[in-house]
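Hi everyone, thanks for coming.

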Amino acid sequence: MTAKERMAIPPQAMPEQDPIVRARNMQEVAIGYTAEMAQKEAQRCLNCPAKPCVSGCPVKIRIPDFLAAAAEGDFDKALSIIKESSLLPAVCGRVCPQERQCQKYCTVGKMFKDVGKAVAIGRIERFCADNAKNPEAVIAPKTDKKVAVIGGGPASITCAADCARAGHDVTLFEAFHKVGGVLVYGIPEFRLPKRIVQAEVDNLKAMGVKIETNFVVGRTRKIADLMKEDGFDAVFIGTGAGLPKFMNIEGENLMGVFSANEYLTRANLMKAYDEEHSMTPFWHGKKVAILGGGNVAMDGARMALRLGAEEVHLVYRRSMNEMPARAEEIHHAMEEGVKFHCLENAKRVLGDEKGFVRAIECLKYELGEPDASGRRSPVAIEGSEFELPVDTVVVAVGSGSNPLIAATTPEVNVDKKGHILVDEATGMTSMPGVFAGGDIVLGAATVILAMGEGRRAAAGINAYLAK
């Protein structure tokens with residue numbers, strides 16, 4: 001097939017549930033490609049020699065090679081190529097911001113001057129992960145080394161797998177009762193079905209990784225104890241960025257105000273939406289305000305609809321152009337009926353005589369000069385206050401590093417934000433034999449970036465133990 005013929009193939013739209021129907025159920029929004037659609041979309045790849053898409057992939061998947069296999073209909077081969085670099089293709093194919101990573105650099109998208117017309121790398125990756133035969137992991141001969149992995153999120157899962165492949169005895173310690181980190185407590189079922197995360201956890205177990213849940217390192221056991229008393233030769237810290245941030249405005253202590261972390265954890269990990277089978281207490285607001293504009297804010301807004309909210313208002317102090325959430329998530333939220341209030345922000349939360357939320361007082365904003373991140377800074381318009389009647393407020397303005405390890409392990413250096421400081425090449429911390437990666441190092445980031453961190457640290461651990 002010539003390049004001209006490939007360019008003539010139209011982008012394959014993702015089949016989805018009807019917005020009105022899906023806004024009230026927990027089933028996955030995107031239904032997924034058929035084999036014919038996946039093959040046709042893969043045929044749009046020009047297989048250009050420069051391979052710019054690979055440079056945009058944090059774990060450097062051989063994208064043109066797996067697309068070439070998919071274009072021939074050999075999805076088993078395509079998945080084998082993906083799995084050389086990525087342990088979680090079914091996850092990444094669903095939740096990674098491909099439009100800001102691999103697809104951003106796609107030559108096809110650049111030729112159309114529209115990233116939306118780039119080859120849908122993530123959707124093809126998802127199809128392969130869901131439908132192709134999973135390649136068997138190759139495990140090296142057993143060593144006499146023990147590795148402890150703290151946390152059960154994407155960075156930890158990746159690090160545990162790579163260390164297990166190297167033949168080490170790996171134990172993963174998770175504070176919650178389920179492994180998966182943000183994949184199970186943060187990202188909703190309608191974006192990432194939990195059976196997919198569980199399948200990856202089962203793959204870890206099949207590789208020989210031992211898993212201990214309800215185990216809080218720093219409380220149940222300290223890192224020094226794991227090494228000195230339990231005989232672990234190396235430790236990986238992947239405890240993430242799960243500390244909620246608030247806006248520190250008047251009224252945040254009223255009943256009906258929640259951090260997005262708590263709101264989503266109750267709904268996702270603790271299945272508050274399944275009232276027939278779950279006893280999880282949950283606040284069923286009818287008029288919900290979500291404060292923020294990132295992916296977590298979109299998840300909170302869309303979850304509120306599915307929990308019975310009559311109105312959901314997303315309040316964001318910049319314009320739509322500056323909104324950090326994925327374009328697809330913003331589009332889905334709009335389709336489902338979330339009301340967007342851009343260039344507005346909560347000034348205070350107002351309560352009734354019983355201490356319950358009754359409204360938020362908002363200010364209107366205009367955009368000023370760009371800030372350090374390059375986004376234009378919001379400037380409040382004096383005297384523009386107005387009230388937005390709501391009974392629930394969900395604060396989704398970011399999260400900070402888990403502080404427990406830093407508080408109980410003074411040998412591990414952290415910066416002023418609580419991020420663990422590591423060697424850029426190896427991922428080792430200031431404590432010999434202790435490595436770290438993921439959001440605890442980067443701050444809140446994407447799944448694929450966390451996986452890249454876990455892979456780097458695993459390579460560092462394997463090299464360290466080889467010495």
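The lining of the largest cavity in this predicted model divides into 10 nonpolar residues, 2 polar and 1 charged. For these classes, Ala, Val, Leu, Ile, Met, Phe, Trp, Tyr, Cys and Pro count as nonpolar, Asp, Glu, Lys and Arg as charged, and the others, Gly among them, as polar. Of the 13 lining residues, Cys57, Ile61, Cys102, Glu125 and Ile448 lie nearest the centre of the largest cavity. The elements giving two or more residues to that lining are helix H5 (63-71) and helix H9 (121-131). Helices here are DSSP runs of H or I with at least four residues, numbered from the N terminus.

The space in this largest cavity is about 120 Å³. A cavity, on a 1 Å grid over the protein atoms alone, is a set of points where a 1.4 Å probe fits but cannot get out, and lining residues have an atom within 4 Å of a point. Grid points are joined across faces, edges and corners, and the volume is the space filled by probe spheres set on the points.

How many cavities of 30 Å³ or more does a search of the whole structure find? There are 2.

The second largest cavity holds about 100 Å³ of space. It is lined by 14 residues, and the closest to its centre are Cys45, Cys48, Cys53, Cys106 and Thr107. Helix H4 (52-55), helix H8 (107-112) and our friend H5 each supply at least two residues of this lining. By class, the second largest cavity has 12 nonpolar lining residues, 2 polar and no charged.

Now for a pocket, which is an open set of grid points with protein on both sides within 12 Å along at least five of seven lines. The second largest pocket contains about 690 Å³ of space. Among its 30 lining residues, Glu99, Gln103, Arg123, Arg326 and Glu328 are the closest to the centre. Helix H7 (89-95), helix H16 (327-336) and H9 each give at least two residues to this lining, and the largest share, 5 residues, comes from H16. The pocket lining divides into 10 nonpolar, 8 polar and 12 charged residues.

On to the helix pairs, starting with H5 again. The axes of H5 and helix H6 (residues 75-83) come within 7 Å and cross at roughly 170°. Axes are lines fitted to C-alpha atoms, for helices over the stretch in contact, with angles from 0 to 180 degrees between N-to-C directions. H5 and H6 are therefore roughly antiparallel, a word used for angles over 145 degrees. Their crossing is left-handed, that is, the near helix is turned anticlockwise from the far one by less than a right angle. Asp65, Phe66, Ala69 and Ala70 in H5 meet Phe75, Lys77, Ala78, Ile81 and Ile82 in H6, where contact means heavy atoms within 4.5 Å. Those contact residues comprise 7 nonpolar, no polar and 2 charged.

My other pair is helix H14 (residues 260-267) with helix H15 (residues 295-306), whose axes come within 10 Å and cross at roughly 50°.

Finally, some housekeeping: residues are numbered from 1 along each chain as its sequence is written, and side-chain values use heavy atoms, leaving out hydrogens and water. Local features need pLDDT of at least 70, side-chain atom pairs count only at pLDDT 80 or more, and totals for chains, interfaces and linings use all residues.

Note on methods
Parallel < 35°, antiparallel > 145°, perpendicular 65-115°, else oblique.
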